[in-house]
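Trainee: Could you take one part of this model and walk me through it closely? I would like to see how one piece leads to the next.

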Amino acid sequence: MLKRHLPMAGHTRGNRLPITCELKCGNACSHEAPNTSGNTHFRDVANAAISRRAALGLGGGLAAAVVVGATALQKAPEAVAANGFHPTGGGKLPFEAIAPVERTVDTVTVPAGYDWAPIIRWGDPLFDDSPEFDLENQTGASQAKQFGYNSDYLDVFSDGGNDRTGFLVNSHEYTNENIMFSPEYLKSNPKDVIEAAIEAHGLSIVDLRRGGKGQKWEYVRGGRRNRRITGSTLFTVDGPAAGADLLKTKDDTTGTKVLGTLNNCAGGTTPWGTVLSGEENFNQYFVGTGAEAERRIGITPGPSSRRWETVDPRFNLNNEGYANEANRFGWIVEIDPEDPTSTPVKHTALGRFKHEAGTAVISRDGHAVVYSGDDERNDYAYKFVSRQKYRKGDKKHNMTLLTEGTLYVAQFNGNSPESEIDGSGDVPSDGDFDGWGRWIPLVKNDKSLVPGFTVEEVLVNTRLAADTVNATAMDRPEDFETNPVTGKVYMALTNNSQRAAGGLHEANPIPGNRDGHVIEMIERRGDHTAERFNWNILFLAGDPGQDGNHAYFDGVPLDQVSPISCPDNLAFDSEGNLWVSTDGQPGTIGYCDALHKVTLEGRDRGLVEQFLAVPADAETCGPVIHDQDNSVFVAVQHPGEGGAWGAHTSYFPDFVPEGPLKGDKVAVPRPAIVQVYSTTGNNGR
């Protein structure tokens, strides 16, 4: 029987669930942050900017100050640029912001004029020969043919020119065996439990159909694109580190073939129609040897929390021939959802760390650019620029773009002399309160640019290389997204409540960044390949009713914003509004996690409005905004995670607490994909 050790019990802030800390990231916050380099923290730079803004009372003027250095950026549409976005849900999805929802409410809460429905749930059969869902008889073989667990990244596509058919792609981050299996099954079938968990990881591609535009989607069992990619699927490896000794094992002496993908978190859809997925907290699956490179990525000696090493020797790095197995995880993977026979790829050119995202955009001169955060306290933000250029309509060529190019890590700087950032709160003499940054190259094509590191060492041990060049330590950089209207880049920083108090001063009295923030980055000349950028804080999250001195929303009065904490995933609608989903609000401000719309331009810049809330214990993941189709989609991850078998805290989405354990509706919580749709048919303002 699996036994969970919960070192975060009694140490989590507010109502954060210790079991979530254990399963999601291996109790990362209970350990010393892997980054002990002493590099500059972004918070140290940002504190001065925020305090100066508050002192000057300049609110939203930051946007204008920053854009001076980026006048070549594409202009927003005239209706937006002239007077700002319409308040309270402008665009194609008008809504009245909902009130925050108490953390124990077990349903999806949506605004008036909207309803919701699940599209697909954990365990739903994907293929004609898939077994029906049966909680009391789960194996690796059955789970490999069913929808996976704990949905995260999501995208939903309609087939070109067709409003009735489409497909979705969804990643499955991790498993919670304590509410997936009965105690009896855990005890009597340990091998089946582990094999089912391995197959419940990865991704699912699922065909969809509906009656017409604006209507509800349903999934197609036996669809032509339906596919499961799991912890045992064959991947190829490309890029400068492919074939390196650091990637070779006794099972793969070429260093070019890997079984499986693990802890797939956020990702992105490429302009050429493939999907990128980031392997995030992969460290928790391995038993380490105690090596420094392992420590820097969070791999420790001793039994793993997952115990997969008891079934498959490759998960114990001490076993002969498997010392490099963990080096084969922590990459951006690329999948062609249109071809279920294709072999997915792990791209070494984009570096190895805890990838939270893989957001691809084409630069003005045709290079593919991918932004990605390393989701760990005090780690870094990265960018990759392809060597080759995008060719419209040439998918085969475009699928080679991430094989070679330049990998960068970000360094943030303030605009004022260091001597004036003294903690007094005085406005610097130049009156500025923004900042600038640079992208430091680590690898260019097949050459290392980090002294003392080979190209393979930079790409496999990217964190160590970034430490060397003095990258800026961030507060858990998670999702990156680029605004389709303005070209600006946005990054969610979820939180870092353990930020040392010694770094605080009068100008920034926050004792740790509990609630997180979102920053806006503007590449010089509007060029995504640029090596310089400007930055500003869009908002410091929080509940103004609880800690109004800390929350900041670019000058918007605090009584006009919805409370928000722990920003995680980002998305945009067709008009350039930012949508932010959260991961951790129950433990910081006491409300269910949620999805919020944030206005970015005009007089309402910084206005946060809550659109929905997910059920008890759940996290809001993978938001997709189809505003021109009156729909919003979210992945509801880990509902009811605080419960136990027979004492569940959620029964989402089946809601049959006294129901069966086999078949279409079962009496346990099930991660699921949800569509929120308009009930009024409103296609405009």
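Mentor: Start with C621. Its relative accessible area is 0%, so C621 counts as buried. Keep in mind that we are reading a predicted model.

Now look for a partner to this cysteine. The closest cysteine sulfur to that of C621 belongs to C265, and because it is 6.7 Å away, it is too far for a bond. A disulfide needs the two sulfur atoms within 2.5 Å. The structure as a whole holds zero disulfides. Seen from the other end, C265 is in no disulfide, and its nearest cysteine sulfur is that of C621. C265 is buried too, with a relative accessible area of 3%.

Next, the strands in this part. Strand β29 covers residues 619–626. Six bridges join β29 to β30, and the two run antiparallel. Two of the pairs can be picked out. T620 has V636 of β30 as its bridge partner. H626 is paired with S631 in β30. Strands of a sheet pair through backbone hydrogen bonds, either parallel or antiparallel.

β29 and β30 form a hairpin with four residues between the strands. N630 sits in that loop. Its phi is positive, about 60°, although N630 is not a glycine. The relative accessibility of N630 is 6%, so it counts as buried.

N263 lies in the loop between β8 (257–259) and β9 (264–269). With a relative accessible area of 0%, N263 is buried.

Back to the sheet. β30 covers residues 631–637, and seven of its seven residues are buried. Check each face in turn. On one side are S631, F633, A635 and Q637. On the other are V632, V634 and V636. Both faces are covered.

Move across to the next strand. β31 covers residues 672–678, and six bridges join β30 to it, again antiparallel. V632 stands opposite V676 of β31. Between β30 and β31 there is a loop, and P653 is placed in it. The peptide bond from F652 to P653 is cis, with omega near -10°.

Now put the strands together. Four of them form an open sheet, in the order β1-β31-β30-β29, with antiparallel pairing. β1 and β29 stand at the edges, each with a single partner strand, so one side of each has no neighbour in the sheet. From one strand to the next, the twist averages 25°.

The loop between α4 (78–83) and β1 (114–121) holds E102. E102 is partly exposed, since its relative accessible area is 48%. E102 and P586 are 484 residues apart, yet their C-alpha atoms are separated by 8.1 Å. Leaving out residues up to four places away in sequence, E102 touches G590, Y591 and C592.

Then comes β27, with residues 594–598, which holds H596. H596 counts as buried, because its relative accessibility is 0%. The side chain of H596 reaches the backbone oxygen of P563 at 3.1 Å. Beyond its sequence neighbours within four places, H596 is in contact with several residues, among them W579, T582, Q585, E609 and F611.

Finish with a helix for contrast. α8 runs over residues 190–200, and its buried residues are V193, I194, A196, A197, I198, E199 and A200. An α-helix has 3.6 residues a turn, so residues three or four places apart point the same way. V193 and A197 are both on it, and so are I194 and I198. The cover over these buried residues includes α5 (140–143), β3 (165–172), α6 (177–180), α7 (183–188), β4 (202–209) and β6 (227–229). After α8 comes G202, whose phi is positive, near 100°.

C621 is buried, and its sulfur is 6.7 Å from that of C265. β30 is bridged to β29 and to β31.

Terms used: Residues numbered from 1 in each chain as written. Predicted model: local features only at pLDDT ≥ 70, side-chain atom pairs only at ≥ 80, totals over all residues. Heavy atoms only, no water. Buried < 20%, exposed > 50% of the residue type's maximum accessible area, 1.4 Å probe, protein only. Pairing = 2+ DSSP bridges. Contact = heavy atoms within 4.5 Å. Polar contact = N/O pair within 3.5 Å; in protein donor to acceptor, adjacent residues only side chain to side chain. Axes fitted to C-alpha atoms, helices over the stretch in contact; angles between N-to-C directions.
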